[in-house]
Amino acid sequence: MTSGEVLLVAVLALPALGALAVAATPHDRGARVLGTVVAALTLAAAVALLAGRDAGWSAYLPDGNAGAVLPWHTVDVPWVPGLDLRFHLGVDGISWPLVVLTALLTLLCCGYSLWRVPTGGSGKALVALLLVVEVGILGTFLALDLVLFFLFFEVVLLPMYAIIVGWGGDSTDLAAVDARRRAARKFALYTLFGSVLLLVGVYVVVAAAGTADIVTLTGGTELSRTTQLTAFTLLAVAFAVKSPLWPLHSWLPDAHTQAPTVGSVLLAGVLLKMGTYGLIRVAVGVAPEGARWAAPVLGVLAVAAILVGSLVCLAQTELKRLIAYSSVGHMGFVLLGIATLTATGIQAALIGNVAHGIITGLLFFLAGAIKDRTHTGALSELSGLRETAPRLSGLLAFAAVASLGLPGLAGFWGEAFAVVAAIQVGGALWITLAVLAALGGALTAAYLLRLLRRVTHGRPTPTVRALGLGIAGPELAAWVPLVLLTLAVGLAPTLVLGVAEAPVAALVGVLP
């Protein structure tokens with residue numbers, strides 16, 4: 001095996017074996033330390049996948065003869081020979097930033113669990129489940145076989161359900177337990193609905209093309225127009241549930257509100273990206289004629305998500321629910337970029353994915369810290385935070401202005417260039433969508449500034465005044481990497497856009 005093949009296998013094998021090892025370790029603290037070490041090794045292997053990328057870049061040919069998907073590294077071995085299924089993994093500039101983001105956030109969550117374990121279960125069980133979730137998300141980003149993609153897509157469901165039920169909520173009383181169980185059931189039912197559609201869509205594609213290989217299928221040359229329209233509809237709705245796209249988003253606020261801090265970080269940071277990544281890699285790539293046909297509808301729904309998400313945030317009175325609803329709006333910008341089917345739009349979607357994962361992960365870490373100390377998420381009970389905890393208040397302000405898209409920070413590029421891409425497409429519809437999306441950006445600033453005014457300004461409430469809100473060292477260790485990445489991606493967007501330029505150009509080149 002080449003070094004690239006070894007790294008690809010290691011990225012999946014390390015957290016999978018690590019989860020088993022953590023579960024088998026008798027001592028809780030030792031198990032959490034082991035899980036953190038495994039997560040760190042997984043991150044190192046994920047970063048190392050960047051080696052050899054130049055060979056992948058040079059192989060993209062202007063005439064498209066190299067194919068629309070050309071991974072830097074690939075593993076392709078028989079899996080179920082009787083059904084012609086293959087264990088086919090690969091990484092390129094579209095998937096690699098999300099692979100690294102997943103590995104980083106999992107490491108930060110495991111490290112955070114060394115310091116604080118939510119009420120409800122053992123720390124080692126929580127860390128083991130985090131590693132299983134990581135396997136599912138990483139496998140989704142690396143799979144180049146549709147059946148394998150579907151299986152990894154489903155791996156995430158049960159462990160995330162268990163995390164919400166086992167460690168979520170604010171207390172252990174019967175009402176709180178019932179609330180988190182309802183949220184977890186809602187998450188599971190919505191996800192299962194999407195999974196059924198995804199399975200049917202995969203079957204339609206594989207039955208028509210005679211292959212499940214995403215590399216071969218990209219460009220839609222193996223499929224008729226009718227098959228592409230059918231497949232894209234099924235796949236797009238399935239991925240819209242996970243993204244989530246309005247009006248299929250209602251599972252998200254409840255799941256975020258009830259999930260423990262580390263669950264919310266992974267849920268918002270990378271689990272939502274499975275939907276948008278699948279939309280780019282699978283739905284658009286495999287059924288490009290269907291994507292072109294449905295693009296106006298997808299654009300309208302994306303802008304609806306931006307506006308609805310922002311307006312609902314303006315009415316929210318609970319911290320985690322506000323941040324959760326903000327994800328609906330932010331992912332609307334990502335979906336708008338994809339809907340344009342242009343290189344600019346898809347690049348905007350990719351950097352928007354990464355930026356949202358970094359910034360919203362930081363926001364949920366901070367929201368969890370505030371809620372753990374005050375035992376409330378009600379905005380009316382959290383005013384005056386800057387008087388009692390100026391450093392925590394300052395970090396919250398930094399994350400909020402990054403989320404509203406301040407130039408120079410990571411959140412700016414995806415939202416700005418999604419609007420630019422819609423303008424580039426032209427026509428009355430797309431210009432109107434661009435204007436409405438820009439209005440949604442203004443509303444985003446409004447609700448985040450409202451959040452800061454209500455939480456950081458004013459006189460400290462008794463809840464805030466009564467508690468010590470200093471920042472612990474382990475918290476800083478989890479938050480500082482996200483702060484630095486927010487600055488780095490904002491000031492040097494080529495960290496994401498540079499590696500994605502060639503594969504995005506190749507993908508757009510096969511669109512009708």
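Which residues does M160 touch, not counting residues up to four places away in sequence? In this predicted model, M160 touches V133, F187, G263, L266, L267 and L271.

The largest nonpolar core has 182 residues. M160 is among those with the most contacts inside it, together with F187, L198, F239, F365 and W479. In soluble globular proteins, nonpolar side chains tend to be buried together.

Next, a helix pair. Helix α11 covers residues 251–258, and helix α15 covers residues 319–340. Their axes come within 8 Å and cross at roughly 140°. Angles over 145 degrees would count as roughly antiparallel, so α11 and α15 are oblique to each other. The crossing of α11 past α15 is right-handed. On the α11 side, the contact is made by L252, P253, D254, H256 and T257. On the α15 side, K320, R321, A324, Y325, S327 and V328 take part. By class, this contact has 5 nonpolar, 3 polar and 3 charged residues.

Last, a glycine. G441 is found in helix α20, which runs over residues 427–456. Is G441 buried or exposed? Its relative accessibility is 19%. Buried means under 20%, so G441 counts as buried. G441 and H330 are 111 residues apart along the chain. Their C-alpha atoms are separated by 9.0 Å.

Note on methods:
Residues are numbered from 1 along each chain as its sequence is written. This is a predicted model: local features need pLDDT of at least 70, side-chain atom pairs count only at pLDDT 80 or more; totals for chains, interfaces and linings use all residues. Side-chain values use heavy atoms; hydrogens and water are left out. Axes are lines fitted to C-alpha atoms, for helices over the stretch in contact, and angles run from 0 to 180 degrees between N-to-C directions. Helices (H or I, at least four residues) and strands (E, at least two) are DSSP runs, numbered from the N terminus. Angles under 35 degrees count as roughly parallel, over 145 as roughly antiparallel, 65 to 115 as roughly perpendicular and the rest as oblique. A crossing is left-handed if the near helix is turned anticlockwise from the far one by less than a right angle, and right-handed if clockwise. Contact means heavy atoms within 4.5 Å. Ala, Val, Leu, Ile, Met, Phe, Trp, Tyr, Cys and Pro count as nonpolar, Asp, Glu, Lys and Arg as charged, and the others, Gly among them, as polar. A nonpolar core is a set of buried Ala, Val, Leu, Ile, Met, Phe, Trp, Tyr and Cys residues joined through side-chain atoms within 4.5 Å. Buried means under 20% relative accessible area, exposed over 50%, partly exposed in between (1.4 Å probe, protein chains only).
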